[in-house]
Structure formats: C-alpha cells, structure tokens
Amino acid sequence: MEITNSEIAQIQSETRKLVDNLLQHEPEFHRTNKISSDVDANFRQLGYYGMRIPEEFGGSQLGMLPTVHMVRELGRLPPQFWSFLRVALGPSSKSIVRHGSDKQKERWLPAMAAGECGVAFVLTESEAGSDLSAMRTTALKHKDGYVINGAKTYISNADKASLFVVFAKTAASEKLKNAISTFLIPAGHPGMTIGNPMPTMGTTLDGLYEVAFNDCFVPDDTLLGLEGQGFTHAMESLNEGRLNVGAIAIGMGKFALELALDHAKTRKVTGRPLADNQVVQHMITNATMELHAGWLMVQDAAKKIDAGEDASAISAMVKVFCSEAAGRAADTAVQLFGASGYTKGFQVERIYRDIRVLRIYEGASEILRNVIAKKVINDGFQFF
C-alpha cells in the first residue's frame, strides 16, 4: 500500500519506543539465557508479524521502504528477541504472497500475521551454501506428490518452526534456473527430522540445526508455485533478505556508536573526557560517515524494490557495504569501551558477537562481490 514519509517516520518512531521498552529485558536475558514472554507478546499485540502480509490475511502489507526503517530500529535488540519476526518481515511470507495458491495463502498467512506460525527457511546444504548448483537434496515426482531425500544445514528456528520452506532439485538434468522447486512443509511431517543444535557465537538462542529428509513424501499441494520456480523464489527472497540484513546492520552499528559516544563523553582519561581526544573524534566520525552512506544505500535499494526494478546488484552492494561498515563501527565501540567492552553483560560486547555473522549469511561478502562484478561487467552501471 502507498505510504507517506510522515507515516514512515511515525512507524520508525513507534518502533524505537517499543525497542527502548523491550531493551529493559536484556540484562535478565544475559543472566538466564531466557527471553521474557513480554517481548513476543508485544510484537503480536502491536501487529508486527503481519507488517509484510496483505490486509485480507490480517496484515498491513508494508512496502520495503517502511520495512527497512522499522527493521533498522529492531536491529538494536538482541537478535534472539525477534528471530521469528525477522523471517515474517523478510522474504518467506512474501514468497507465499506472490506464488502461493489460494489454499496455501489461507492456511499459512493468517497464522503468520498473528505470530502463531514461525517459519524456517530451508535452503543451505553443507556443500551448497553460496553455490546452489551443488544442491543435492532431491524431490522426485511420485503419484500425487514428491519424495524428498537429502539434508540441509545451518537452519535457524528449525526447533520451533511451524512451517518449513524447503528447496529441492526436481529436475537434476535441467539448467539451474529450472531445476529447483519450493515446498511448504508443516512441522512434524513424516520423513523430516531435526538434528541436535549447533551452538553459535551469537545471534541464535540455542543454535542452528540440520534438517534431514528420508523418503519424505509430500503431496502436490505443498509445492509453492510451479515446479522449477524455486531458483526464482530463492533469488527474490535473497534480494529482499539482503536488504533487511543491511538495515539490521545499520541499526546494530548505530546503536554501538550511540553507546560508545555516551561512554566517551563521560569516561575521563587524564582528567578529560575521552571524547576530547582528536583520535577518538576521528574514530567516531569515520564510523558515522560509513553508516550514513550505508543507510542511504539501503533506502535507495528499498525504493527500487518497491518500484519493481531489478535490485539484485544494489541489494548485494547494500549487504556487503552495510555489514562490513557496521562491523567496523562495533569494533570501534569495543575499542572505546576498553576492557568493559570485552566483558559479557555490556551491550557493545553483545553487538560485537552478534554482528559478525551478517557478513556470512544471506550471501558471504566475497560471493556477493562476484555477483556485483558480473552485473557491472555485463550491464554497466545502470543500477545507479
């Protein structure tokens, strides 16, 4: 739906107030590794799960531009606080909106909008992360359905998800763009098993999971869209997902800088505030300039997606630039905090751990630089 700049500003302001309120639960989370039920209750009551879902299914149907403004503010929270919300605001719901049958939309979208259906995006394999052509999970056509075999790895939310968006090869001999299909599989489906958690440095609560398929029969009505469209679904998802990652990165990096600036103004060294030192001023300035440039890139890419333009190159640029700039901002914040910045329980330490993965998931920086280079060499600089 169309939305004005003042409405976007209001969404961002209201989200910032909500985040400020929810951050009061962070100290308890650090002590107990448990998230207060108030966090998710607020998201549900205020309708955040439905922000990207059409109104007819209980949502608000926001475009990308207001979404990134909202996501930037949510990025200040510990990522564990909103793991399922990130997916709902991201590409999985949009794939169902764009390509789902009426039956699939009626089954899944209202529950997603209400925050009652967590989603796991099941794409990555041990040998097929950035290289989808190496995918080995297959879905062979069978009477009235498909039989899926294979294993996916590094899947977040798999332990608590109600719906699994699964990608598998349905035509191994075809070109990659026609070889992969997408399936909507409910949790607990026979033949699909969830492995033990793989603990991570940060970002996830319990870890990441392997999802295995052993002669897993799924009926025809689990196929999303047409057979062979999965590559297109994945690319659409990744373009919007990368943009959200860029907005999250800006939110995390900016929050780290805000904390560092407050510290630098009050922390005294040789009788003077740390912020009086020119070297400190330059550290904060450099990080600020990078984050500001990154945020302008995010907004530009969001407008292109809302206009229906090809955003593959600009989304890749946003993901690379923002995740790396935010990582440097977090590093600057830790440096300015000194020993306390390296101590658990301090927010800058949490941000430093959680921000690192942004350069890896949704496309590693090195792979995305290849994507950008290919686009520039083939098409020139048409994307800006």
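1. Strand β4 (residues 163-169) pairs with β5 in the antiparallel sense over seven bridges, where pairing requires that DSSP finds at least two bridges between the strands, and where strands are DSSP runs of E with at least two residues, numbered from the N terminus. Within this pair, Phe 164 stands opposite Ile 185 of β5.

2. The model is predicted, so local features need pLDDT of at least 70 and side-chain atom pairs count only at pLDDT 80 or more, while totals for chains, interfaces and linings use all residues. Residues are numbered from 1 along each chain as its sequence is written, and side-chain values use heavy atoms, with hydrogens and water left out.

3. Strand β5 (residues 180-186) also runs antiparallel to strand β8 (residues 223-224), to which two bridges join it; the β8 partner of Thr 182 is Leu 224.

4. Seven of the seven residues of β5 are buried, that is, under 20% relative accessible area with a 1.4 Å probe and protein chains only. Ile 180, Thr 182, Leu 184 and Pro 186 lie on one side and Ser 181, Phe 183 and Ile 185 on the other, and both faces are covered.

5. The largest nonpolar core has 86 residues, of which Phe 43 and Trp 82 touch the most other members; such a core is a set of buried Ala, Val, Leu, Ile, Met, Phe, Trp, Tyr and Cys residues joined through side-chain atoms within 4.5 Å. Helix α9 (residues 230-266) gives the most to this core, with 13 residues. A second, separate core of 24 residues includes Phe 57, Met 112, Val 165 and Leu 224.

Notes:
Buried < 20%, exposed > 50% of the residue type's maximum accessible area, 1.4 Å probe, protein only. Helix = DSSP H or I, 4+ residues; strand = E, 2+ residues; numbered from the N terminus.
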